Amino acid sequence: MREYELVYVIQPDATPEREDEIHARVDGAVEGGQGRPLLLDDWGKRKLAYEIQKFQKGHYFQLNFLGDGKFIPEIERVLRLEPDVLRFLSVQIDESVSDVDARVERARVEQAEQVRRREERARLEAERAAAAEQARLEREAAAAAAAEAEAAKAKAEADAPAEAEADAPAEAAEAEAEA
C-alpha cells in the first residue's frame, strides 16, 4: 500500500454541515477504492495566495490515506464536481507502507496530538480575549473617571466666580468699615 496526502480548500462561507458532506464524499471515494483514511486535519481558514472565484480566504483540510492509488482519479473527480471546493492537490507521500497497522496507530497518535493542540490554541485564545476585554473595561473605567474629574473641575470653576461675587459685597463692606 502507498500513503497519499490530499489537501483541499473549501469556500470560507460554507456551512459546517456542507463541509461534513464533502468530507463524507471524499472518505466514501477512498473507502470505495479499498483505501483506508488515516487522519483528517483541519488547518482552519487562511488567506489564499491569490483570489479564487472572488474569495480571498479558504478553509483548508488535509486528508492522509492509504491505498493502491487507482482511485485517486475518482477522488479528484468528486472534488472537481463539488462547487464549494476551490482547489485540491493529491500527493503520494510514501511508495510502500509495509506495516499498515503501525501507520494507522501512528495516525491515531497524530490525531490525538492535533486535538490537544487545537484545544490549547482555543484555551489561549479565550485567555487573550478575556484579557483584552478586561483591558477594555479598565480603559472605559479610566475614561469615565477622567470625565467625572473633568466635570467636577468645570463645576468647581463655574462655582468659584459665583462665590467670589457673593463674597465681594461683604469684602467691600469690611473695607468701608475700616476706612
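Is Arg2 buried, partly exposed or exposed, and what is its relative accessible area? Arg2 is partly exposed, at 28% relative accessible area (buried is under 20%, exposed over 50%, partly exposed in between, with a 1.4 Å probe and protein chains only).

The model is predicted: local features need pLDDT of at least 70, side-chain atom pairs count only at pLDDT 80 or more, and totals for chains, interfaces and linings use all residues. Residues are numbered from 1 along each chain as its sequence is written, and side-chain values use heavy atoms, with hydrogens and water left out.

**View 1. Salt bridge between Arg2 and Glu95.** The closest N and O atoms of Arg2 and Glu95 are 3.3 Å apart (a salt bridge is a side-chain nitrogen of Lys or Arg within 4 Å of a carboxyl oxygen of Asp or Glu). The model has 18 salt bridges by this rule. The Arg2–Glu95 pair links distant parts of the chain, 93 residues apart: Arg2 is in strand S1 (residues 2–10), and Glu95 is in the loop between strand S4 (85–94) and helix H3 (100–178). Helices (H or I, at least four residues) and strands (E, at least two) are DSSP runs, numbered from the N terminus.

**View 2. Salt bridge between Arg18 and Glu21 in helix H1 (residues 16–32).** The two residues are three apart, about one turn of the helix, and their closest N and O atoms are 3.0 Å apart. Arg18 is buried at 16%, whereas Glu21 is partly exposed at 40%.

**View 3. Salt bridge between Glu110 and Arg103.** The closest N and O atoms are 3.7 Å apart. Glu110 is partly exposed, at 30% relative accessibility; Arg103 is buried, at 5%.
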